[in-house]
Amino acid sequence: MNAHIASRAGVRILARRVGEWWHGLSRFQQWGVLVPLVVLIYLLPVLNPPLLTTEPGTDFPIAMFNAARMALIAIGLNVVVGQAGLLDLGYVGFFAIGAYVAALLTSPDSALGVRYPWLVVVPVAMAVTMLSGVVLGAPTLRLRGDYLAIVTLGFGEIVRLLADNVEPLRGNRGFQQVAGPPGTHADGSPIFTQTGGTPWYWLVVTVIILVLVLVGNLERSRVGRAWVAIREDEDAAEIMGVPTVRFKILAFVMGAGVGGLSGALYAGQIGFVNNQKFDVVTSVLFLAAVVLGGAGNKVGVLLGAFVISYVPDRFQAVAEYKFLIFGLALIVLMVFRPQGLLGARQRLLARGRDAYRRLVGRPEQVVTKGPTPDSGRGVRT
Amino acid sequence: MVHQLATAVAQGDGGWIDFNVPLLVDRFWSNTVDGLAYGSVYALVALGYTLVYGVLRLINFAHSEVFVVGAFAAYFTLEGLGFRPGPTPQLSTLSIVANLLLAGAVAMIASGLVAVVLERVAYRPLRRRNAPSLVFLITAIGASFVVQQLFFVTRGANPERAIRILRPRPLFEVFGAKVTNIQIIVLVAAVALWVVADGFVNRTRLGRGIRAVAQDPTTATLMGVNRERVIMLTFLVGGVLAGAAALFYLMQIPQGVVYNGGFLLGIKAFTAAVLGGVGNLRGALLGGLLLGVAENYGQSLLGGAWRDVVAFALLITILMFRPTGILGESLGRARV
């Protein structure tokens, strides 16, 4: 028990140390650390480091692509769950819509009979998914947290059942030859193939960086402050003049857009879309990725997604039990460390660390979000 | 593009959605009868959601797994009694009743125990810490996952083959719709269980404790109600009812139990609870029966594949227009 407490404290102290060290650096020094790190991340599938590698079980670049794809999904879901505090159990529905839009518009099996280029299809897929986010969010986001969870669960299932039953969506037969990004090597062979994970990995990592910058900017804006306010106390936020429903829908739509994007990427890499991969279990896996690392903490979410995707690939022996293991991890984590491995950062001064330093006179502390005494059901009447 | 889509749909065999009104009219009464019998299963499971929600303001996501445990327990009991999948054996009435009662009792005990253990392991530590409701939900999902996967790992992805000991036999007809002995047994037993549960909550001392905690936990505690015990009791009652529902479910479905069979049923039962008014015992019964019937109508009208969509669509519609359900939320309301 003591060792257990010590290890928990150890993780927390380590996370805080790293956080303090990071925020103590100047912007220039931060870039100095970040750039080599990003380069290293880009080089991973090429280096194929001996201990990290998932071969011979899974092709390492493909495993890395899957991890990156999971990370992208987790970032999108994190906007909804981590930032705005809305439990979305139907996120796989958005992912599915993105994949199906890509398939419908590019596959020769599609009843539409069109073959648009991939670069056109991705924005369309995102737009359709965001629209479906509005359609789902507008009526349901007035509901309280647990009701919302059930309704989103129902939404995810409806999307899956549509894929099963609507004739033009081809159920189990699915769509072959879904298009990927353009581009050929010097010898004329395409860069993006179903078997080569590395270009896809680079593409997704680039997309992740872009999305991180976008989401990061949103978080530091009025929108992000509204989300955090809603997450911490919706009633209080409403009273203070935050149009909560509108911002909740915005969070939903942002999350949906990223989900659709990753769906389109997934469809392109696999080259095939059918109704098999979009069940609730997958939704819960996405949620586990967010919660494991720490909802609301982008680094934590990336870490969580990596663990969720990488562990079953690396340790094939446990792959069969992965849902069992992640289910247990969810319980243990929620009981002992509800904020996740790293925990959400509560930025009291959203303008950033310069303002903080000016005001407090020392670098910003990373405050891990613990259970607040009043946030339980005790206050509910 | 929209135009192309429209022509594609018009040309496709089947198209998106067909409405088959004549079939619905034709099967109206048999749908109603089947729906009531099936809906009584929803009603019993919905009682579990409603009771826990009334007391804790918490959707017990893992309740569907409590149900599945009951179904497996009933299955294993029948198997242990020497019954095997295949043709239904010819048994005396007494033997049928005794075996069914035994299987039901084991299912109820197993489900009740699992529900209590779940509360102890997953919810109580969070309650001690006053965790936010999001944390409760995630824990519940995790717990539901673990139970589900335990069955998956041990019993595989295919449904068990059904074990039957009671032959369906039409007893009488209602407007041309056959009513089988199984449907009558299930409906009567479910309503009887509901009467017992309702009586327990509304007329006994322990039930008064449940209502007191539902109404105002703090005051109830000050008045000497042991809140933790009441919560345990609530989970126990909900679990026992789910166990009984599991047996009734097995008697009606074409196949045996499967590891993830609780998921859909759980959502539907929850829909039933919300439809009638979550936290309201009468609402759970009404909602369950209504949902069972509505689902069958939907199946006739839209085709078998759309059966499950009806429940989800209904859930979203109620939550949008009348989130308190038909009868309103009432477990905690003062009743003299």
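# Two chains and their contacts

Good morning. In this structure, 50 residues of chain A are in contact with 56 residues of chain B. Please keep in mind throughout that the model is a predicted one.

Let me describe how the two chains meet. The size of an interface is often expressed as the accessible area lost when the parts come together. Between chain A and chain B, the buried area is about 4,800 Å², and carbon and sulfur atoms give 77% of it. Which elements give two or more residues to the side of chain A that touches chain B? They are H5, helix H6 (145–165), helix H11 (280–293) and helix H14 (322–336) of chain A. The element that gives the most is H6(A), with 13 residues. Sorted by class, this side of chain A has 35 nonpolar, nine polar and six charged residues.

How many salt bridges are there between chain A and chain B? The count is zero. For polar contacts, the count between the two chains is two residue pairs, both at pLDDT 80 or more.

We now turn to chain A as a whole. Chain A has 15 helices and zero strands. Of its 381 residues, 51% are buried. If we take the contacts in chain A with a separation of 6 or more, 73% of them are between residues 24 or more positions apart. The chain exposes about 17,000 Å², and carbon and sulfur atoms supply 65% of that area.

One residue deserves a separate look. A:Thr140 is found in helix H5 of chain A, which covers residues 118–140. Is A:Thr140 buried or exposed? A:Thr140 counts as buried because its relative accessibility is 2%, and the cut-off for buried is under 20%. Its side chain reaches the backbone oxygen of A:Leu136 at 2.5 Å. Leaving aside residues up to four places away in sequence, A:Thr140 touches A:Leu148, A:Val151 and B:Ile316.

In the loop between H6 and helix H7 (197–219) of chain A we find A:Gln177. A:Gln177 has a positive phi of about 50 degrees, although it is not a glycine. In chain B, the residue to look at is B:Arg57, in the loop between helix H3 (28–56) and helix H4 (63–80). B:Arg57 is not a glycine, yet its phi is positive, at about 55 degrees. B:Arg57 is partly exposed, as its relative accessible area is 23%.

Staying with chain B, we come to another loop residue. B:Asn280 lies in the loop between helix H11 (261–276) and helix H12 (281–302) of chain B. At 6% relative accessibility, B:Asn280 is counted as buried. A polar atom of its side chain lies 3.0 Å from the backbone nitrogen of B:Gly283. Along the chain, B:Asn280 and B:Gly328 are 48 residues apart, while their C-alpha atoms are separated by 7.0 Å.

B:Ser111 sits in helix H5 of chain B, residues 93–128. With a relative accessibility of 0%, B:Ser111 counts as buried. The side chain of B:Ser111 reaches the backbone oxygen of B:Val66 at 2.9 Å. Not counting residues up to four places away in sequence, its contacts include B:Val69, B:Gly70 and B:Gly239.

Finally, let us consider the salt bridges. Side chains of opposite charge can pair when their charged atoms come close. Over all chains, the structure holds 14 salt bridges.

In chain A, A:Arg160 forms a salt bridge with A:Asp164, with the closest N and O atoms 3.4 Å apart. Both residues lie in helix H6 of chain A, four residues apart, which is about one turn of the helix. A:Asp164 is partly exposed, with a relative accessible area of 29%.

In chain B, B:Glu160 pairs with B:Arg155, the closest N and O atoms being 2.9 Å apart. B:Glu160 is buried, at a relative accessible area of 9%, whereas B:Arg155 is partly exposed, at 34%. Elsewhere in the list, salt bridges that share partners join B:Glu119, B:Arg124, B:Arg127 and B:Glu228 into one network.

Thank you for your attention.

How values were computed. Residues are numbered from 1 along each chain as its sequence is written. Chains are lettered from A and ligands numbered from 1 in the order in which they are written. This is a predicted model: local features need pLDDT of at least 70, side-chain atom pairs count only at pLDDT 80 or more; totals for chains, interfaces and linings use all residues. Side-chain values use heavy atoms; hydrogens and water are left out. Buried means under 20% relative accessible area, exposed over 50%, partly exposed in between (1.4 Å probe, protein chains only). Contact means heavy atoms within 4.5 Å. Accessible areas come from the Shrake-Rupley method with a 1.4 Å probe; for residues, only the protein chains shown count as cover. A polar contact is a pair of N or O atoms within 3.5 Å; within protein, one must be able to donate a hydrogen and the other to accept it, and residues adjacent in sequence count only if both atoms are side-chain atoms. Buried area is the accessible area (1.4 Å probe) that two parts lose on being put together, summed over both. A salt bridge is a side-chain nitrogen of Lys or Arg within 4 Å of a carboxyl oxygen of Asp or Glu. Ala, Val, Leu, Ile, Met, Phe, Trp, Tyr, Cys and Pro count as nonpolar, Asp, Glu, Lys and Arg as charged, and the others, Gly among them, as polar.
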